[in-house]
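Please walk through the fold of this protein, from the chain as a whole down to its strands and its charged side chains.

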Amino acid sequence: MAHPALSLIVLSWNQRHLTERCVTSLRATTDVAYELIIVDNGSDPATVDYVHQAADVAVCHDTNLGFGPGMNSGLAVAGGSLVAFINNDTVFPPGWTAPVLSNFENAGVGLVVPAVTAAGNPVSVRTTPGREAITLVPFTEIPSGVVYLMRTDVAQALGGFDQRYEVASAEDLDLLFTVWANGLDVVLDERALIEHESQATVASQLSNRGALYRRNLDVFLDRWSSDVPDPALLPDVDRDLVGGRLREARVAAVWLRRLVYERRKLRQDIAELERARRPTGWRGLRSR
C-alpha cells in the first residue's frame, strides 16, 4: 500500500500458531488503510515460510536479534503515519482501531496502549472493555508493553526501542520513560481490549528468562537513576520541560531500585535460612 495510515509490526520467533492467530485477527479487525510488517527473528523454516506468505512486508533475520532490534528493523521500513508494535501472542477484537487511533488527534499524546486481558503489570489489565481513555501518571502508572502505538515519525526520532537490553524485557519500560521525558503523554485506552496470552513466547523458549529479566532491569535502573540520564530527545522539545521530567524519572527509578534490591535481599535471606535449617548431609529428594 502506497500510503497506509497504520503500520502493524508483529514480531515472530518460532511459535507459528501464535503469529498466525494474531495475523488472522488483525486482518479481520483493522478497519483503516494499513500495512502488515512481520519481523521474524530466526525462526524454524515453517514459520519463516508463513511469514513470507502472510506479510505485506516480511523482514527476516537469520538469528534472534532480540525484541528491540527486531521491532526497530520493522520500524525502519514502516510507511504508515502511525505504527503499532505488537507481540504475536495477541488477538485483536472488532472495532479496536477507531477508538485507539482517535487518541492521536491530541498532539500531546506520544504513546497509546490498549487494555489487555493478561500481563505481568496489572495497570493495563482488564476483564471487559471500558469506556475511557486514561492519561497515565508519568513514571508512576506503568502499563505493560504488549501493544504500543505511536506516531511513526516520533518513534523514529526517538530511535525506537533502546538496543542495550538483551533479547527481551525492560526495553518497553525504557521507551515509556523516554516518551514521558520528552513531555508527551502515555494513554491507556480501555475501550479496546486485546486478548493476550502472557509470556507465551518467552516462557517456552527462554530457559534463563529470570536471570535475563534481572539483568535488563539492572540496566534500566542504572540508566534512569543516574545523575545524567541520556534519553533520545525530539528536535523541538522544550529543554526546561525535559529537565523537570528527568528529575521525576530519576526519583521514580531510585525508589524502584530500592524496592527491587530490598526484595532480592529478602529472597536471599529466606533461601539462606532454608539452607541452614536442612539436616546435615541433606541432598534433597531423589527420584526412585
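Predicted model: local features only at pLDDT ≥ 70, side-chain atom pairs only at ≥ 80, totals over all residues.

Two strands are taken to pair if DSSP finds at least two bridges between them. By that rule, β2 pairs with strand β3 (residues 57–61) in the parallel sense, over 5 bridges.

The chain holds 9 helices and 9 strands. A compact globule of 288 residues would have a radius of gyration near 19 Å, and the 20 Å of the chain agrees with this. Along its principal axes, the C-alpha trace spans about 70 × 55 × 35 Å. Buried residues account for 49% of the 288 residues. Of the contacts between residues at least 6 apart in sequence, 78% join residues at least 24 apart. The exposed surface comes to about 14,300 Å², and carbon and sulfur atoms supply 52% of it.

Strand β2 (residues 34–41) has 8 of its 8 residues buried, so it is largely enclosed by the rest of the structure. Side chains in a regular strand alternate between the two faces of the sheet. In β2 both faces are covered. Tyr-34, Leu-36, Ile-38 and Asp-40 lie on one side, Glu-35, Ile-37, Val-39 and Asn-41 lie on the other, and all are buried.

On the strand's pairing, β2 and strand β1 (residues 6–12) run in the parallel sense over 7 bridges. Within this pair, Ser-7 stands opposite Glu-35 of β2.

The charged side chains come next. Side chains of opposite charge can pair when their charged atoms come close. With a cut-off of 4 Å between a side-chain nitrogen of Lys or Arg and a carboxyl oxygen of Asp or Glu, the count is 12 salt bridges.

One of these salt bridges joins Arg-223 and Asp-174, with an N to O distance of 2.7 Å. Arg-223 belongs to helix α8 (residues 209–224) and Asp-174 to helix α6 (residues 171–181), so that the pair links distant parts of the chain, 49 residues apart. Are these two residues buried or exposed? Both Arg-223 and Asp-174 are buried.

Asp-162 forms a salt bridge with Arg-164, the closest N and O atoms being 2.8 Å apart. Arg-164 has 40% relative accessibility and therefore counts as partly exposed.

A further salt bridge, at 2.8 Å from N to O, is made by the side chains of Arg-257 and Asp-222. Arg-257 lies in helix α9 (residues 239–277) and Asp-222 in helix α8, so the pair ties together parts that are 35 residues apart in sequence. Arg-257 is partly exposed, with a relative accessible area of 26%, and Asp-222 is partly exposed as well, with 40%. Elsewhere, salt bridges that share partners join Asp-162, Arg-164, Asp-174, Arg-223 and Asp-230 into one network.

How values were computed
Residues numbered from 1 in each chain as written. Heavy atoms only, no water. Buried < 20%, exposed > 50% of the residue type's maximum accessible area, 1.4 Å probe, protein only. Helix = DSSP H or I, 4+ residues; strand = E, 2+ residues; numbered from the N terminus. Rg over C-alpha atoms; globule rule 2.2 N^0.38 Å. Contact = heavy atoms within 4.5 Å. Areas by Shrake-Rupley, 256 points an atom, 1.4 Å probe, with all protein chains shown as cover.
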